[in-house]
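Hello,

The structure we spoke about is below, for you to open alongside this message. My notes on it follow.

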Amino acid sequence: MPESALPARTRKRITPYQIAQVVIGLGFLAFVAWRLYEVLVVERTYGPDTWLKFAISGLIIGSVYALITIGYTLVYAILRMINFAHSEVFMVGAFAGFFVFEALKSLPVGTGEHAFIEVYPIPSIILGFVAGIATSMVTGVALERIAYRPLRGAPRLVPLISAVGASIFLQNAAQLMFGPQRRTFVNLPALDRNLGWTLTVGEKPVLITYTGVFTFILAIVLLISLYLIVQRTRLGRAMRAVSENKQTAALMGIDVDGVISRTFAISGVLAGAAGVMWGIHYGQIHAYVGFIPGIKAFTAAVLGGIGNIPGAMLGSMTLGLIESLGPGGLGMDFQLKDVIAFSILVLVLIFRPSGILGEVLSEEKL
Amino acid sequence: MIASDVRQGLRSGMLLAIVVVFLFLIGATTTIADIFANALKQDRGVSLQAVLGLLALWAGSQAAKVSLDEKRPSWPRTLLRAGVAGLSSGLVIGLTLLLTLRLHEQGINLRTYLYQLSPASLDLWSLGRSPIAAALFHVLLPLVGCLVGAVLARGFRDAPWRGPASRRMSAVREAITRPLANAARTRWGRILLYAALGTLLLLLPLRLNNYWNFTLGTVGIYVLMGLGLNVVVGLAGLLDLGYVVFFAVGSYTIGLLTAPTPHNLMWDFWIVLPIAVLLAAIIGVLLGVPVLRLRGDYLAIVTLGFGEIIRVLLKAEALASFSNGPRGIPSIAQPTLVGLPFGSDRDFMYMIILSVMLVIFLTNRLQNSRVGRAWIAIREDETVARAMGINTLTSKLLAFGIGAAFAGLGGVLFASRSQFTGPDDFNLMVSINVLAVVIVGGMGSIPGVIAGAFVLKGLPEVLRELDAYRILSFGALLVAMMVLRPEGLIPSTRRRLEMQEARAAESPPATPVAPVGRGGAA
């Protein structure tokens with residue numbers, strides 16, 4: 001509508017909500033500035049080596065988040081629904097990798113003096129990833145088939161509740177099957193968790209672990225291949241078409257259910273890889289291991305603009321950096337890093353619900 | 001023809017196999033067998049086989065079911081399907097068992113990896129025989145079970161008790177509610193009904209011992225919270241997964257204001273009660289402001305996060321001087337009535353009954369008010385609601401605040417009754433429990449929520465053996481309810497119609513519908 005056609009009185013009023021927005025925003029900025037000043041200028045708690053350590057761990061966790069985030073974003077783009085159980089798809093993958101590594105560790109080779117995992121370190125890693133990826137993929141597809149597909153076209157609340165239920169179910173099933181204790185991942189001979197390159201920053205050593213670098217590079221490779229799949233292949237084109245409009249896509253001869261299934265499979269693949277990486281790098285898994293990364297990844301998805309693939313990657317890296325640098329930078333307890341990451345989500349929702357890269361979504365998409 | 005029969009058989013067979021292997025891995029079959037064994041005074045092994053047999057019967061009847069494009073299958077085809085189902089599932093189950101039993105025989109402790117496979121439970125499955133024999137037995141059992149199940153299912157297909165589950169449910173409902181509804185139509189009938197109900201509620205706590213008063217009190221608190229969440233989820237259609245926040249606000253308000261540690265304020269219970277409820281409502285509105293402009297999905301995950309954050313904050317040592325950190329708050333005050341202590345489980349039962357009645361009254365009035373209709377309109381279609389002149393933000397905030405107030409009340413009662421509150425009382429599972437109460441009972445339906453609380457919080461008290469599987473089954477129940485009966489056990493009329501409408505819109509009957517047993521599809 002042209003501007004002049006509007007009567008003068010409908011000029012934008014300032015709502016209480018906008019006032020609240022400004023107050024919250026300024027308050028937040030003031031708080032951050034004050035804390036940063038305290039920590040960086042007054043107290044000088046950390047040297048450059050510590051900051052570098054924080055940044056590195058932020059990039060690593062960010063790359064793991066990115067793999068999970070993509071799962072949320074892909075499914076959201078196509079079904080306009082948050083796949084709550086995605087964090088459990090991740091957890092299942094981690095467990096599958098764990099079991100394969102355990103089996104390979106106790107599998108004797110040749111004369112029986114060495115285990116498979118020692119003799120063939122690289123194939124072992126590949127096997128672990130294949131198992132994790134396959135399990136997560138099957139879980140993701142089964143999840144869609146059982147818990148979401150029968151609910152196409154139902155009110156939006158319905159699939160959401162179903163997803164929450166599926167998530168609770170998978171968590172508890174894993175806990176019942178595998179026990180409540182934490183499991184320690186095998187420390188792979190080829191990728192020892194405690195070894196790495198050492199950098200010297202300001203005469204202090206900074207360890208960059210092999211697992212960290214491995215995780216980061218593998219994640220980047222997977223993300224790039226995903227991007228190529230979505231942008232360059234037939235399947236990717238079908239996925240984009242379905243996310244635009246299901247009915248029209250179906251009229252164009254696209255098997256919508258098949259595409260949705262494959263989308264879940266792809267997100268399962270990425271989540272499974274992330275799960276095994278998590279195990280290799282951080283070393284500990286349990287039935288609820290997916291919960292916090294799941295929420296974080298969702299936060300990252302919103303931060304970058306949900307439904308937007310480059311946004312998901314950007315959001316994940318940003319979130320990883322914020323949550324590893326944040327507690328140090330604000331001089332807070334490290335227990336509170338989840339609180340920081342979460343405040344980011346709330347702030348993004350207040351100020352820019354479409355995220356960093358997200359287009360201004362229509363009401364229906366929001 | 002044969003291919004489709006084999007496919008249907010395989011489908012039922014795989015379903016059975018997955019169910020049995022899953023139950024085996026989570027150790028549920030042995031627990032169920034224990035319950036059977038206790039109830040029927042039978043040997044545990046026999047009970048286990050009975051349970052497996054029943055499952056196989058069910059799979060057999062599934063295999064014999066008519067699929068859409070055919071008439072009733074002939075006997076040989078029924079048997080073929082059942083045979084395929086039984087054999088395929090038997091092979092999977094048998095092989096799994098053979099593998100685990102062999103590993104067990106070789107002295108590998110399976111429990112290190114699969115927690116529930118204790119030697120005792122494996123012995124139960126192996127029937128005290130060699131792995132091969134046990135595996136063979138477990139191949140044969142599903143086969144026989146499926147065949148018998150299919151024969152029974154086909155033989156009794158037109159039996160009068162078989163009909164759509166919903167019709168049977170509503171018939172039962174009708175039989176209970178019709179006389180009551182008729183009685184309630186006249187004025188005296190209504191007074192009589194209320195009087196009877198009132199006397200019952202007044203006398204009931206007196207007749208119960210402390211254990212039952214406590215248990216039913218817990219159910220009552222869940223009714224309270226369920227009704228609160230019902231306003232948010234059921235009426236306004238906002239999925240709140242952090243409902244525990246408001247419960248925590250209520251509990252900690254009374255804890256911090258009345259307990260000797262950490263602040264030693266020692267206020268009176270009756271003063272704190274309204275403060276806590278009000279505070280919960282205010283926090284509800286404050287939390288609602290940033291997220292309620294957005295649609296449901298964001299709200300769900302943000303509230304989920306809030307629920308976790310509050311636990312982290314309450315637990316944080318950094319804030320221990322304010323909230324006592326992980327140690328929680330002990331010796332919270334209990335109410336007094338005219339100078340006398342009023343804090344036994346029975347007294348709390350009365351308070352809970354009173355609160356529940358108050359909340360029922362309030363939600364009932366709200367539901368039929370202008371605000372209530374606005375909520376329902378928002379739930380149906382927010383854009384249209386806004387176009388109709390409803391201030392959606394205010395309405396949603398109101399729903400959030402009211403729901404929060406009820407949870408705050410529940411929190412006060414809960415903390416004061418157990419005289420203790422701590423961060424671990426407020427995990428995600430509380431929110432999920434309350435959500436399950438609302439969903440299973442029926443979103444937007446007051447009797448539904450009450451029934452849901454009794455089923456989900458009362459039943460587990462009776463079936464203590466199944467306690468380990470409670471949350472698991474809640475998860476499964478949420479999915480199953482959404483897929484099979486999204487309107488809940490006792491739906492509100494409007495909700496039922498909505499769901500049916502959504503279903504009809506979703507699946508237009510493009511394929512010719514197979515003739516239904518009797519009376520047509522109406």
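Helix axes here are lines fitted to C-alpha atoms, over the stretch in contact, and angles run from 0 to 180 degrees between N-to-C directions. Two residues are in contact if their C-beta atoms, placed from the backbone, lie within 7 Å. Helices (H or I, at least four residues) and strands (E, at least two) are DSSP runs, numbered from the N terminus.

This is a predicted model, in which local features need pLDDT of at least 70 and side-chain atom pairs count only at pLDDT 80 or more, while totals for chains, interfaces and linings use all residues. Residues are numbered from 1 along each chain as its sequence is written, and chains are lettered from A and ligands numbered from 1 in the order in which they are written.

Chain B

In chain B, helix α14 (residues 345-367) packs with helix α17 (residues 392-418) at an angle of about 180 degrees, and their axes are 11 Å apart. α14(B) is therefore roughly antiparallel to α17(B) (angles under 35 degrees count as roughly parallel, over 145 as roughly antiparallel, 65 to 115 as roughly perpendicular and the rest as oblique). On the α14(B) side the contact is made by B:Phe348, B:Met351, B:Ile352, B:Ser355 and B:Val359, and on the α17(B) side by B:Phe406, B:Leu409, B:Leu413 and B:Arg417. These residues divide into 7 nonpolar, 1 polar and 1 charged (Ala, Val, Leu, Ile, Met, Phe, Trp, Tyr, Cys and Pro count as nonpolar, Asp, Glu, Lys and Arg as charged, and the others, Gly among them, as polar).

B:Gln419 lies in the loop between α17 and α18 (428-441) of chain B. B:Gln419 is not a glycine, yet has a positive phi of about 55 degrees. Most residues other than glycine have a negative phi. With 16 other C-beta atoms within 10 Å, B:Gln419 is partly exposed (a residue is buried if 20 or more other C-beta atoms lie within 10 Å of its own, exposed if 12 or fewer, and partly exposed in between).

Chain B as a whole has 21 helices and 2 strands. Of its 522 residues, 46% count as buried. Helix α8 (residues 187-207) of chain B is hardly covered, with a count of 1 buried residue among its 21.

Chain A

Helix α3 (residues 86-105) of chain A packs with α6(A) at about 20 degrees, with axes 9 Å apart, which means that the two are roughly parallel. The residues in this contact include A:Met91 and A:Phe95 of α3(A) and A:Leu170 and A:Phe178 of α6(A). By class there are 6 nonpolar, 3 polar and 1 charged.

In the loop between α2 and α3 of chain A is A:Arg80, whose phi is positive, near 55 degrees. A:Arg80 counts as partly exposed, with 18 C-beta neighbours inside 10 Å.

The buried residues of α7(A) include A:Phe216, A:Leu222 and A:Val230. Among the elements that the buried residues of α7(A) pack against are α2 (48-79), β4 (196-201) and α12 (309-329) of chain A.

Between the chains

In the interface, 43 residues of chain A are in contact with 46 residues of chain B. α6 (157-178), α11 (291-304) and α13 (337-351) of chain A each supply at least two residues of the side that touches chain B. α6(A) gives the most, with 15 residues. That side of chain A has 32 nonpolar, 6 polar and 5 charged residues.

Regards
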